[in-house]
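Hello,

Here is the structure I promised to pass on. Please have a look at it first, and then read my notes below.

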Amino acid sequence: MNVAYWRFFVNALLVFCDMLSFILAAVVVLMTQSEINLYSSRFHFHINLWAYVVVCALVWVFCLHSVGVYHRHVMGDGYQLNVLLFKGAVFAGLMICAFEFILNIYVSLLSTVLELLCAMLVTMVVRLAVRQFVLFKRKRGMYSYGTVVVGSLEGIEHALQFLSQKSQLNYHAIAICPIGLDAQTGYVRAIDVPAEFKQRIRKICGRDIATLPYCKNFAERVVSMGVQTVMVTDVMHRFSDNFNTFVLNMETMNLEIAVVTSAVDVSGHETNIRVIQGTTVMTISLPQYSPWDMCKKRVFDVLVSLFAVIVTAIVTVPIAIAIKLTDGGPIFLHADSRWAP
């Protein structure tokens, strides 16, 4: 199944379920608390109950998205998901209270808290069901990212054992790339794969896995296989030019780098670290701004600059007026100005 298709399908399903969960929780709480007759005292109009809960549900989904609940690596990690859900619920509570304050809608704080708690609990249950469905499909190679495992023979074997035991991870190994360091040049080179190693790999994964030699056009060959992630196990260590060059080559082809190690240099890269049952998985990428992030940054820069100008003007404008009134001279001292004796 195409990665973009199933990722969009799963995220759309999650957004729909999260909105539905909040709507049901909010309606039940408001009806139980007898707060179904909503009225805006500030703008003097009645508010339909369903319109109110739909707006709040949109706020709920927006806050969950803001804290990273819909990130592609979060859904399989139950603990991490629950922490983000709580964080998103706090943000949603603040935004809903602000919305009610702007319209001056009387909804008790208890009702708002109960709405968020019930929505969070329902969302946890729904996510558990969705996660079990996705994990069931991943055992058949669906809803996962094609992965090439790069490293020494020992590192590759350890990584494949790790992936075979952690079904919540969305990495599906489809090829391996054994590498080593040249003793004379210090550069990465391809190494041979013994027949007994292939047999061990077949026993671990329950299937044959292709061997991809490390070469100059490695990134292009990886993309042609439909791979989305390149997992580095070892060999390329911290402060290594080999590692930095390798990461840049992969990222130019829009490939994600997953690192199962604690000794790599990721300075200058954006990192996402997850701990799965004692094993650390770190994904890295060059920090890039989306159009929305660039727009937010631009608005922030303009607002901060405007605020700085206003604050500075409070001091500089009275001083400039005082200078003009006292000596009648120029407010700003020009380069060709001369001090009076």
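Let me start with Thr147, which sits in strand E3 (residues 145-151); helices (H or I, at least four residues) and strands (E, at least two) are DSSP runs, numbered from the N terminus. Please keep in mind that this is a predicted model, in which local features need pLDDT of at least 70 and side-chain atom pairs count only at pLDDT 80 or more, while totals for chains, interfaces and linings use all residues. Residues are numbered from 1 along each chain as its sequence is written, and side-chain values use heavy atoms, with hydrogens and water left out.

Is Thr147 buried or exposed? Thr147 is buried, with a relative accessible area of 0%; buried means under 20%, exposed over 50%, and partly exposed in between (1.4 Å probe, protein chains only). A polar atom of the Thr147 side chain lies 2.9 Å from the backbone oxygen of Tyr145. Beyond four places in sequence, the contacts of Thr147 (heavy atoms within 4.5 Å) include Tyr171, His172, Ala173, Val227 and Met231.

Val227 also belongs to a core of 22 residues, along with Val188, Phe243 and Met250 among others. A nonpolar core here is a set of buried Ala, Val, Leu, Ile, Met, Phe, Trp, Tyr and Cys residues joined through side-chain atoms within 4.5 Å.

The largest nonpolar core is a separate one of 40 residues, where Phe22, Tyr52, Val53 and Trp60 have the most contacts inside it. Two or more residues each come from helices H1 (3-32), H2 (49-66), H3 (78-103) and H4 (109-138), and H2 gives the most, with 10 residues. Trp60, leaving aside neighbours within four places in sequence, touches Asp18, Phe22, Ala89, Ala92, Leu116, Ala119, Met120 and Thr123.

Ile310 lies in helix H9 (residues 291-327) and is partly exposed, at 48% relative accessible area.

As for the whole chain, there are nine helices and 10 strands, and 40% of the 341 residues count as buried. The chain exposes about 20000 Å², 65% of it from carbon and sulfur atoms (Shrake-Rupley method, 1.4 Å probe).

Best wishes

Notes. A polar contact is a pair of N or O atoms within 3.5 Å; within protein, one must be able to donate a hydrogen and the other to accept it, and residues adjacent in sequence count only if both atoms are side-chain atoms.
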